[in-house]
Amino acid sequence: MPGDLAQRWQSDLDGLESPQTVKWLRAIQSRARHEFNRSGLPGRMDEHWRYTPLRAFEGRHLVRSLPSTGFNTPGRIFAAQAPVQIDMSDGAPADIRGRGLEGLTVLSLQEGLEQYEGRLKPLVESLDCSGPGRAFTAINTALLEAGLVIHVAEHVDAGQLSILWRGGDVASGELHSSRVFILLDRGARLVLLEQFGPSMEMNDDEIGQPGPGLNLITQVDLAESAVLDHVRLQSESGSASLVTNTRVNQNGQSRYAYTGLDFGGGLVRHDLFVALQGFGAFARIDGAFLLDGNRHVDNHILVDHVAKGCRSDQFFRGVLGGRSRGVFNGKALIREGADESSVRQSNANLLLSPLAEVDSKPELEIHADEVEASHGATVGQIDDAAVFYMRTRGLDENQARKMLISAFCNSVLDRINTSVVSTADLESLASDMYLNMPDMAEAVR
C-alpha cells in the first residue's frame, strides 16, 4: 500500500506546481519534490514509522492550501480573550483579529518570507527532506505556500496568541500542507495556544469517508533568554488525520515549554525536535492523550543537548480504551562536550480495554560527563481498590473511574505555569479533558 499511495501522491505533486513568488524557495521546493519521488513513503521497516498506519491516508489526495474567504466560525478557543486570535482554514489564514501590540508581527507566509528572508531562509534550508522517513517534510516543503510568520521583537512580552485550525470540507479526503514560523528575539516572550478541531459534524452519508487532513510544520527560533509557552489541544473527528512536525532551535538561557493534549483524531502523529544550542537552555515537553474507538496517536520526541548546562524534561500520560493505540518515543541525546546536562523522562499509561495498546520507548544517549539523567515508563490498569473506596463514598463505578482518570491526566495540566496560562484557561482544558473521556462501558469493548 505505501508504494501505491506514494505513486498517487507523486502524480498529485506533478500537477501541483506552486506559483511561488520567492525565487530562492523555488529551488528548495524542486529538491523536496525530487526527494519524495525518489524515496517514497516509509514502511514497516522504518523504525520511526513502524507503528504509524499509513493506510489511514488511503483515499487522500495532496492539494494546495490557498487563502480562503468567508470563514467566520471561530468556535470556542479558550475562556480568556487572547490579544490576537487567528483562524486557519485548510492550512491557510482565514481571519486575524484582536488587539494590536507593538512588537508583535503576524504575517501570511508569503509576506513573511519576503520581510524576514534573512532569518527564514536558513530555517527552510535546514530541514532534511531525504529518505522515506521524511516524506511528509518533503511534501510540505514542495507545497510550501500557505501558513504564518509570527515575530516578537526584543524584550517584548506579547502575551497570548491563539490559533484555531479547522478543515473546511469535512469529508473532502484532502491532505493540506501548512508552515508556521515563530521568531522570538532576545528576551522576547509569547504564549501560543493552538486548537485543532472539526468545523462541523459529518452528515450520515459522509460517515466512513476520509475527513480533513493536515500536514503541519512549525519552526521555532528562540534567541537568547527568549521564552515560548506552547499549548496544543487536539480534538479532531475520528475520520481526521493530523501530522505535525515541530522544530525548535534554542539559544542560551532560552525556555521552551510544550504541552500537547490529544483527545481525538483518527490518525495523529506529532514529531518534536528541540536543539539546545546555548548554555542554560531549558525545554519542557509534556503531553496527555485520551483515546477510544480505533484512534491512533504517536508522539516522537528528540531533545538534542548540544551545549553545556542545559536541561530537558519529558512528561507524558496516556489513557487508552477500545481498540485504540498510543505511541510514546521520547529520546534525549547528550552530545560530547554537553557536560552538566540534566535530563528527565517519564511516561505512564492506563489501559482500559484488553484490546487497547501502547508502545512506550524512552531513550537516553549520553556522550558527556557530569550528567544527571533518569527515565521510566509504566503501563497498568485502574486500581480496583481505589475504585471500591470511591464507590463507598457515593460514586457509581463509571464516575469513580472517570475521576481517577482525570486525576491521572491532570498531573500534566498541573505542570503548566499559571502565570502565563490563566486559571480560567486551565479549567477549560480540564473540562475538555473530562468531557472527552471515553465512557467506561464503551472503553472496555
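**View 1. Contacts of S341 in a predicted model.** S341 touches H305, A307, G309, C310, I334, E370, V371 and E372, leaving aside residues up to four places away in sequence. Contact means heavy atoms within 4.5 Å. S341 sits in the loop between β17 and β18. Its relative accessible area is 1%, so S341 is buried. Buried means under 20% relative accessible area, exposed over 50%, partly exposed in between (1.4 Å probe, protein chains only). Helices (H or I, at least four residues) and strands (E, at least two) are DSSP runs, numbered from the N terminus. The model is predicted: local features need pLDDT of at least 70, side-chain atom pairs count only at pLDDT 80 or more, and totals for chains, interfaces and linings use all residues. Residues are numbered from 1 along each chain as its sequence is written, and side-chain values use heavy atoms, with hydrogens and water left out.

**View 2. Surroundings of A146.** A146 lies in the loop between α5 and β5 (147-152). A146 is buried, at 6% relative accessible area. Its contacts, not counting residues up to four places away in sequence, are S65, G91, A92, L109, S177, S178 and R179. A146 and A92 are 54 residues apart in sequence, yet their C-alpha atoms are 5.2 Å apart in space.

**View 3. Crossing of helices α2 and α5.** Two packed helices are described by the angle between their axes and the distance between the axes. Here the axes of α2 (residues 23-39) and α5 (residues 135-142) come within 8 Å and cross at roughly 145°. Axes are lines fitted to C-alpha atoms, for helices over the stretch in contact; angles run from 0 to 180 degrees between N-to-C directions. The crossing of α2 past α5 is left-handed. Left-handed means that the near helix is turned anticlockwise from the far one by less than a right angle. On α2, the contact uses I28, Q29, A32, R33 and F36; on α5, it uses A135, A138, I139, T141 and A142. By class, the contact has 7 nonpolar, 2 polar and 1 charged residues. Ala, Val, Leu, Ile, Met, Phe, Trp, Tyr, Cys and Pro count as nonpolar, Asp, Glu, Lys and Arg as charged, and the others, Gly among them, as polar.

**View 4. Salt bridge D221 to R119.** A salt bridge is a side-chain nitrogen of Lys or Arg within 4 Å of a carboxyl oxygen of Asp or Glu. The whole structure has 22 salt bridges. In the one between D221 and R119, the closest N and O atoms are 3.0 Å apart. D221 is in strand β9 (residues 213-222) and R119 in helix α4 (residues 117-126), 102 residues apart. D221 is buried at 16% relative accessibility. R119 is partly exposed at 22%.

**View 5. Salt bridge D304 to R335.** The side chains of D304 and R335 meet in a salt bridge at 2.8 Å, N to O. D304 lies in strand β15 (residues 296-305) and R335 in the loop between β17 (325-334) and β18 (342-351), so the pair ties together parts 31 residues apart in sequence. D304 is buried, with 5% relative accessible area. R335 is partly exposed, at 38% relative accessibility. Elsewhere, salt bridges that share partners join R284, D286, D313, R344 and R415 into one network.

**View 6. Helix α7.** Helix α7 (residues 397-413) has 17 residues. Its first and last C-alpha atoms are 25 Å apart, close to the 24 Å expected at 1.5 Å a residue. The expected span is 1.5 Å times one less than the number of residues. Buried residues of α7 include A400, I405, F408 and V412.
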